[in-house]
Amino acid sequence: MRNKTFAAAALLAAATLTLSACGSEDGKSPVSVVSEESGSDKAATVLDQPFEKPDLVLTDTHGKKYDLRKETKGRPTLIYFGYTHCPDICPLTMNNIAVAKKALPKAEQDKLRVVFVTTDPGRDTPAELGKWLKGIDSQFIGLTGNFSTIQAGARSLGISIEPTKKDKTGKVVSVHGTQVIAFNPKNDGGYLLYGEDTTVDDYTKDLPKIIKGATP
């Protein structure tokens, strides 16, 4: 994947226009390229204007209140919006991050916060989220809550999500953007964006730098 630079304002504007869905055919991403550095094989999309971390207070897998800003302050953090019933992109993304995380020294693994925010709170209860994430990485944080609150938090990062609905076959699906946003531990700004085609190797290369607040 090429290394791109995005403007946060363009991301937010595009988010109102385009959606991506787990299992969708188009695989479109709700972002708009502002400038692109050709010839680069870096996976990270560097945001020229870092996002502010969403002001989200939701419920974790233990049924307790979780203040995202407070709990992840000063921590290298990855945030992803998805749902446990997703047939493809969500589990692949989380497993890729989990495998890369295990390659880090134990101390760095403990510093990293990987937050999975459900886009399907009607079905993703704290218990359901906990069971699903335990099979991927027990340190991952799962959050659920009011859909409108979650939607607003995602939108603040340029990620669009829609209420769950039935597809043509009658299956309930959640339509959502598939980006992973990385937050710098030095200033809590969301400075890197990863698309759904980011590989285990990509995350393995980049996580050590994200832990230190550096740009891959």
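Two residues are said to be in contact when heavy atoms of theirs lie within 4.5 Å of each other, and in that sense Phe 116 touches a set of residues that includes Tyr 80, Cys 90, Trp 132 and Leu 143, not counting residues up to four places away in sequence. The model described here is a predicted one, and the protein in it has 7 helices and 12 strands. Of its 216 residues, 51% count as buried. Among contacts between residues at least 6 apart in sequence, 71% join residues at least 24 apart.

**Strand β7**

- Strand β7 covers residues 113–118 and has Thr 118 in it; Val 114 and Phe 116 lie in this strand as well.
- Val 114 counts as buried because its relative accessibility is 3%, and the cut-off for being buried is under 20%.
- Although Val 114 and Ile 141 are 27 residues apart in sequence, their C-alpha atoms are 6.1 Å apart in space.
- Ile 141 is also one of the residues that Val 114 touches, and the others are Leu 78, Met 94, Ile 97 and Phe 140, where residues up to four places away in sequence are not counted.
- Phe 116 has a relative accessible area of 0% and is therefore buried.
- The C-alpha atoms of Phe 116 and Phe 81 are 5.9 Å apart in space, while the two residues are 35 apart in sequence.

- Thr 118, which lies in strand β7, counts as buried because its relative accessibility is 0%.
- The side chain of Thr 118 reaches the backbone nitrogen of Asp 120, and the distance given for this pair is 2.9 Å.
- When neighbours within four places in sequence are left aside, the residues in contact with Thr 118 are Gly 82, Tyr 83, Asp 124, Leu 129, Leu 143, Thr 144 and Ile 150.
- Thr 144 is found in the loop between strand β8 (141–143) and helix α6 (147–155), and with a relative accessibility of 6% Thr 144 counts as buried.
- The side chain of Thr 144 reaches the backbone oxygen of Asp 124 at 3.0 Å.
- Thr 144 is in contact with Thr 118, and also with Leu 58, Thr 59, Pro 121, Asp 124, Thr 125, Pro 126, Leu 129 and Ile 150, once its neighbours within four places in sequence are left aside.

**How helices α3 and α7 pack**

- Helix α3, made of residues 89–102, packs with helix α7, made of residues 200–212, at an angle of about 45°, and their axes are 8 Å apart.
- That angle makes α3 oblique to α7, because an angle counts as roughly parallel under 35 degrees and as roughly perpendicular from 65 to 115.
- The crossing in which α3 passes α7 is right-handed.
- On the α3 side the contact is made by Thr 93, Asn 96, Ile 97, Val 99, Ala 100 and Lys 101, and on the α7 side by Val 200, Tyr 203, Thr 204 and Leu 207.
- Sorted by class, the residues in this contact of α3 with α7 are 6 nonpolar, 3 polar and 1 charged.
- Ile 97, one of the α3 residues in this contact, is also touched by Val 114.

- Thr 178 has its place in the loop between strands β10 (172–173) and β11 (180–183), and with a relative accessible area of 2% Thr 178 is buried.
- The side chain of Thr 178 makes a polar contact with the side chain of Glu 196, at 2.8 Å.
- The C-alpha atoms of Thr 178 and Asp 197 are separated by 9.6 Å, and these two residues are 19 apart along the chain.
- Asp 188 lies in the loop between β11 and β12 (190–194), and its relative accessibility of 15% means that Asp 188 counts as buried.
- The phi of Asp 188 is near 65°, which is a positive value in a residue other than glycine.
- Most residues other than glycine have a negative phi.

Conventions: Residues are numbered from 1 along each chain as its sequence is written. This is a predicted model: local features need pLDDT of at least 70, side-chain atom pairs count only at pLDDT 80 or more; totals for chains, interfaces and linings use all residues. Side-chain values use heavy atoms; hydrogens and water are left out. Axes are lines fitted to C-alpha atoms, for helices over the stretch in contact, and angles run from 0 to 180 degrees between N-to-C directions. Helices (H or I, at least four residues) and strands (E, at least two) are DSSP runs, numbered from the N terminus. Angles under 35 degrees count as roughly parallel, over 145 as roughly antiparallel, 65 to 115 as roughly perpendicular and the rest as oblique. A crossing is left-handed if the near helix is turned anticlockwise from the far one by less than a right angle, and right-handed if clockwise. Ala, Val, Leu, Ile, Met, Phe, Trp, Tyr, Cys and Pro count as nonpolar, Asp, Glu, Lys and Arg as charged, and the others, Gly among them, as polar. Buried means under 20% relative accessible area, exposed over 50%, partly exposed in between (1.4 Å probe, protein chains only). A polar contact is a pair of N or O atoms within 3.5 Å; within protein, one must be able to donate a hydrogen and the other to accept it, and residues adjacent in sequence count only if both atoms are side-chain atoms.
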